[in-house]
Amino acid sequence: MTFRSLVAATLLFAAPAAAQEVKIGIAAEAYPPFASPDASGNWVGWEVELINAVCAAAEMQCVITPVAWDGIIPSLTSGQIDAIMASMSITEERMQTIDFSDKYYNTPTVIVGAKGGDVAPTPEGLAGKIIGVQASTIHAAYVEKYFAGTAAEIKIYQTQDEANSDLAAGRIDATQADSIAMDAFLASETGMACCETKGAVADDPVILGLGVGAGIRKGEDELREKINAGIAAIIADGTYDKITAGYFSSSIYGG
Amino acid sequence: MIAGAVLASTLDLLALSPPGWGATLLTGLAKSVMIALGAFGLGLLIGTLGAYGKLYGGPLARDLLAIYTTIVRAVPELILILILYFAFTSSINNLLLSWGFERIQISGFAAGIVVLGVVQGAYATEVLRGAILSVPSGQIEAARAMGMPPLMLAWRVTLPQMLAAAIPGLANLWLIATKDTALLAVVGFAELTLVTRQAASTTKAFFTFFMAAGALYLIISILSTLLFARLEAWARRGQVRPGTS
Amino acid sequence: MQANPTPSQTVSAGPAPVQGFWATRRIVLALIAVALVGWSVTSLNWSWLANPKYQALLLQGAWNTTWILVVTMVLGMLLAIPLGLAQAAGPWWLAAPARAFCGLIRGTPLLLQLWLLYYGLGSLFPSIPWIRESDLWPILRQAWPYAVLALTLSVAGYEGEVMRGAFKGVPHGQLEAARAMGMPRFTIFRRIWLPQALQRVLPTLGGETVLTLKATPLVATITVVDIYAVSSRIRQDTFVVYEPLLLLAVVYMAIAGVIVLLFRWLENRVPQRTA
C-alpha cells in the first residue's frame, strides 16, 4: 500500500521531461568565479555564461540545475541531470563511471597557505601541517597520494569555499585547489588579509587529469557530440574569449 | 560585543531587494514550508493507512508495517534521504526505461516531499495508532452493532474523537517536518538552510544570515504551536473538562 | 496510585507470544530477508570493504560516532536537569530563560545551530588575538568541540522539556512529607525528587538516545570524521553509490538496537515503583 501510494504521489508531481530539454548540473555550492548565486538567487559566473553559450551554439534548451557536489555523479547516473558542467576534471577514474566531452578549460594546481607561514608545495614543505581539500576532487586524490605520508591531517570539505573559510580562520594550514579559483579568493578582502599562494604542485596527469570537461552518462554519444560541437563553435567564433575577458586577464583554455 | 558590531554592519544584507538577500531567503522559506506541508500531508496519509493496518490489518500487514516503522525510526533521516533520493529516482527511471518509456525527471521538490513523507509516515503511524486506541472501544462496538458501514464509522465516530488525542503528537510531527526540510540542503535543494549557507559564504556574514534564518524557523515554530493549540481546543470542544462539569 | 504515564516509544513493537512467532508468514518473510541479503552480497559491489584503509577508517568513524553520542547525552542530561527544574519549580527569572532556551533549541534545525556555531562563532575566534595565542587554540581550531557543543545544547533543550514534565509528575505529597520531616531542601532534591523524576524519564530515555544517534551524522558537515563521513568518503573515492549507504543504515540500526537493549536492561535493574 505504502509503495503504491508513493509511486502514485511521485508520478503526480513528476512531469515528463520535455523532448529537447537538457538539464545541466552545476554544484549547488558557490564556486566563484565559475559559478555562484547572486543576491537574487540567480547563478552567475564564467562557467554559467559558458554553459549558456555552448547550449545556444548547439541549439539545445538547457536548464541549469544545482545539485550537491557530493552526489553530482549519482545524480547524473540516476537521471536527475543530463550533463555535469561543474569544473569537473577529466580523469581516468571518473571515466570508468561516466563519459566526458572535450575539455573547456585547464588550470594549474596550487597550494595556498597563511601569509608568512612555512608551507611549500612539496611533501617536506607540508610535513606536520593540516591540509584542507574539497571532497571527490582531483586535489583530494592528489593530496592523498603525495602528502598523506607527511601531513598531520587531511581535512575533507564539501566545498572549496568552506576550506577557504577555514584557512582564513586558521583551522587549516594549507589548501590545494585550482589556481584560478584560488586567485579569485586571494583577490577578495578575506583572502588578501590572510593568505598567499605557495606555488604549484608537481604535475601528475593521471590524477590531475586532462582539463575540465562536461560529464555525460555513458553511451549518450549524441549529447556528447552536440556539446563538443558547441564548445568548438564558441571557441571558433570568439564567444569563448569574450566570456573569458569578462572574468580573467588571460585565457584559461590551457595547453 | 564583536558579534554585535559585525551584526549591525551587515544588517542591510538582509534587505528585500538585491544586493540584499532577503527576498531569496523568503523564497527559500516558502519552499521549505511547501515541502514540509507536502511531507506532512503524505505522512498523514501513510500514517492513517498504517495505523488502521496495524490495528485492524492482517498479520502480514502488521509485520510489514512493524518492519517499516522500525527501520525508519532507527536509521538517520539524512541517510534515508540519500538512499531514497538516489535509489528511488534511479529505480523509477530504470523501471520506465525497461518498459520502453522515456526517462522522467523527478524534481528535487517532489523527491523531497516523498522522502520526508515516508519518514513522517512512520512516526504518524504510531501517533495515530495511539489516538485511535484512545477512542473508547464501546463506542466503536456500538456503532458497529448498529450496522454502520466501516468508512462511515471511521468518519463519524473514530476520526472526530481521536483528533483531540492525536493533535499534540501531530503538532510535534509538523515541527519535525519543518526542521527536517533543512536536511534537503545536503542533497543540494535550495530550501531555507542551503540558501542561507550560500548567502553566508558569499558575503562572509555568517552570523547575520544564520541568525536571520533561525528567526524565520522560530517564527514558523511559534505560529504553528499557537495554531495547533487553538486546533486542539476546537477538537476538544465537546469534551467535558475536569472541574467544570 | 495514579496511572503510569509510560508511553511505549521504544523502537520495537515487543515480542509476540513465542508459539505464534514462527508462523508461516514469518518464515516466508525471513526467507525473503535472507534472499535479499544474499542478493545484495552477491550482486552488489562490496569489494571496497576488503581495503584495509577503509576498514581502519570505518572503525575510527564508528568510534567517533559512539563517543560523541555518549558524551553529548551525558553532558546534555546534566544540563537538562537544572533546565527542567527551573521550569518546573524555579522563580520566573529562572523559569523564563530556561523556557526560552528550550523553545529556541526545539524551534530551529540542528543543522542551522551547528553551522552557526562552527562557521559563525568559530570564524570570530581567530580575529581575537588572545584566543589565537592561548593554549586553547589548538583545541578551538578543531571541529569536534563545536560538534559536541551543538549536540549537547540540543540534547539539553529537548530533554529539559522532558525533565520539566518529570519533575512536575512527582507526587506533591512526597515532597511535603519530606519537608515535614525537616529534610533540608537539597537533600529532598537529591534523595526524593531527582531519583523519582529520573525513574519517570527512564522509559523514554532510550528512544531519546536513538533520536540523538540519528542526529549525529550532521556533524560530518563540519568535517568531523564520524561513520557517516567515512561512508561519504568511500562513496566519493570509489563511485560506489548505494552500498556504503546500505552498510551505514545497518550500522545505525545495530547501534540503535544496542541502545534499546541497554536501556531495557537498565530499566529492569532499577527497582519498580511500588506506590
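In the predicted model, A:Gly132 stands opposite A:Thr175, a residue of strand 10 of chain A. Strand 10 (residues 174–178) of chain A pairs with strand 8 (residues 130–134) of chain A in the parallel sense, and 2 bridges join them. In general, the strands of a sheet are paired through backbone hydrogen bonds, in either a parallel or an antiparallel manner. Both strands belong to an open sheet of 5 strands in chain A, whose order is 9-8-10-7-11 and whose pairing is mixed.

Helix 5 (residues 138–146) of chain A touches strand 7 (109–114), strand 8, strand 9 and strand 10 of chain A, and its direction makes about 150 degrees with that of strand 8 of chain A. Helix 7 (residues 179–187) of chain A touches strand 7, strand 10 and strand 11 of chain A. The direction of helix 7 of chain A makes about 120 degrees with that of strand 10 of chain A.

The domain assignment divides chain A into domain 1 (18–106 + 210–245) and domain 2 (109–208). The C-alpha centres of domain 1 and domain 2 of chain A lie 25 Å apart. To the contact between them, domain 1 of chain A contributes 12 residues and domain 2 of chain A contributes 11 residues. On the side of domain 1 of chain A that touches domain 2 of chain A, 7 residues are nonpolar, 2 are polar and 3 are charged.

Chain A is also in contact with chain B, through 30 residues of chain A and 37 residues of chain B. Two or more residues of the chain A side come from each of helix 1 (2–13), strand 2 (36–37), strand 4 (61–67) and helix 6 (160–168) of chain A. Among these elements, helix 1 of chain A gives the most, with 6 residues. The side of chain A that touches chain B comprises 15 nonpolar, 12 polar and 3 charged residues.

The contact of chain A with chain C takes 14 residues from chain A and 13 residues from chain C. On the chain A side, helix 3 (72–77) and strand 9 (153–157) of chain A each supply at least two residues. Strand 9 of chain A gives the most to this side, with 3 residues. By class, the side of chain A that touches chain C has 6 nonpolar, 5 polar and 3 charged residues.

Chain C contains 12 helices and 0 strands. The C-alpha atoms of chain C fill a box of roughly 70 × 70 × 30 Å along the principal axes, and 35% of its 275 residues count as buried. Of the contacts in chain C with a separation of 6 or more, 80% involve residues 24 or more positions apart. Helix 3 (residues 52–89) and helix 11 (residues 227–238) of chain C pack at an angle of about 150 degrees, with their axes 7 Å apart. Helix 3 of chain C is therefore roughly antiparallel to helix 11 of chain C. Residues of helix 3 of chain C in this contact include C:Tyr54, C:Leu57 and C:Gly61, while those of helix 11 of chain C include C:Ile227, C:Val230 and C:Arg233. The residues of the contact divide into 8 nonpolar, 2 polar and 1 charged.

Terms used. Residues are numbered from 1 along each chain as its sequence is written. Chains are lettered from A and ligands numbered from 1 in the order in which they are written. This is a predicted model: local features need pLDDT of at least 70, side-chain atom pairs count only at pLDDT 80 or more; totals for chains, interfaces and linings use all residues. Two residues are in contact if their C-beta atoms, placed from the backbone, lie within 7 Å. Helices (H or I, at least four residues) and strands (E, at least two) are DSSP runs, numbered from the N terminus. Ala, Val, Leu, Ile, Met, Phe, Trp, Tyr, Cys and Pro count as nonpolar, Asp, Glu, Lys and Arg as charged, and the others, Gly among them, as polar. A residue is buried if 20 or more other C-beta atoms lie within 10 Å of its own, exposed if 12 or fewer, and partly exposed in between; C-beta atoms are placed from the backbone. Axes are lines fitted to C-alpha atoms, for helices over the stretch in contact, and angles run from 0 to 180 degrees between N-to-C directions. Angles under 35 degrees count as roughly parallel, over 145 as roughly antiparallel, 65 to 115 as roughly perpendicular and the rest as oblique. Domain bounds come from an automatic or database domain assignment. Two strands pair if DSSP finds at least two bridges between them.
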